[in-house]
Amino acid sequence: MIVHGHRISLALGLLMAPCIGFAQQLDNTQIMTTLGQAKAAAPAVDVALLVEEANANVGKGVATLPNWNKLSQLSQLIVEIDFENNSTAIEPKSYRTVGLIADALHHPDLFRYKFLIVGHSSATGTAKRNLELSQKRADAINEALSTTFAVSPDRLFSVGAGEEWPIDPGHPESADNRRVQLINLGLLK
């Protein structure tokens, strides 16, 4: 499992996120430190509105939309989770990563927060298909965390961005664009 470290400056410029976590090897401490940097005055994010905007902007990008732009202000971690080709089945080697995320979410320092799982794809295939697949993959991570790893489903939300928010816009078909973001949405209410 690799977290994209060679694209730090590009990702920071693209996402403008103050608290994105990158490293060569993901560990529990890194997850907790990165996602635990929640701001007291974090903007409220309406996940249903994010889904609506993503569906309305297929092929046009989402990063500059006001509601999607709010995400860049939140603590987040970008991880690589491998799926079977053109599928929502998580590769067995990626279950370790999902388990590490679950362990961190169960830690008392993160237990009171809710999280958004954002699925991304590369630009292979149609934009509409990539959006659908990224949503299904984000949902698969959500389901794995809530069922297999017993993270409360009330704390987890998921949305697909498809190919609309690439980490490497100069190479839209690059595998680097296939990723998952875990974003701290703030305290549970």
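Author: In this predicted model, the count comes to 2 aromatic pairs.

Reader: Why is the pair of W68 and W165 called edge-to-face?

Author: The ring centres of W68 and W165 lie 5.7 Å apart, and a pair requires centres within 6.5 Å. Their planes stand at 90°, and angles over 60 degrees count as edge-to-face; the pair is therefore edge-to-face.

Reader: What makes this pair a tie between parts of the chain?

Author: W68 belongs to helix α4 (residues 66-69), whereas W165 lies in the loop between β4 (156-162) and β5 (180-187), so the pair ties together parts that are 97 residues apart in sequence.

Reader: Are W68 and W165 buried or exposed, and how do you know?

Author: Buried means under 20% relative accessible area. W68 has 0% and therefore counts as buried; W165 has 4% and is therefore buried as well.

Reader: What makes the pair of Y95 and F149 tilted?

Author: The angle between the planes of Y95 and F149 is 35°, whereas stacked requires under 30 degrees and edge-to-face over 60. The pair is tilted, with 6.4 Å from centre to centre. Y95 is in helix α5 (residues 95-106) and F149 in the loop between α6 (127-148) and β4, 54 residues apart.

Definitions and conventions: Residues are numbered from 1 along each chain as its sequence is written. This is a predicted model: local features need pLDDT of at least 70, side-chain atom pairs count only at pLDDT 80 or more; totals for chains, interfaces and linings use all residues. Side-chain values use heavy atoms; hydrogens and water are left out. Rings of Phe, Tyr and Trp (its six-membered ring) pair if their centres lie within 6.5 Å; planes under 30 degrees apart count as stacked, over 60 as edge-to-face and the rest as tilted. Helices (H or I, at least four residues) and strands (E, at least two) are DSSP runs, numbered from the N terminus. Buried means under 20% relative accessible area, exposed over 50%, partly exposed in between (1.4 Å probe, protein chains only).
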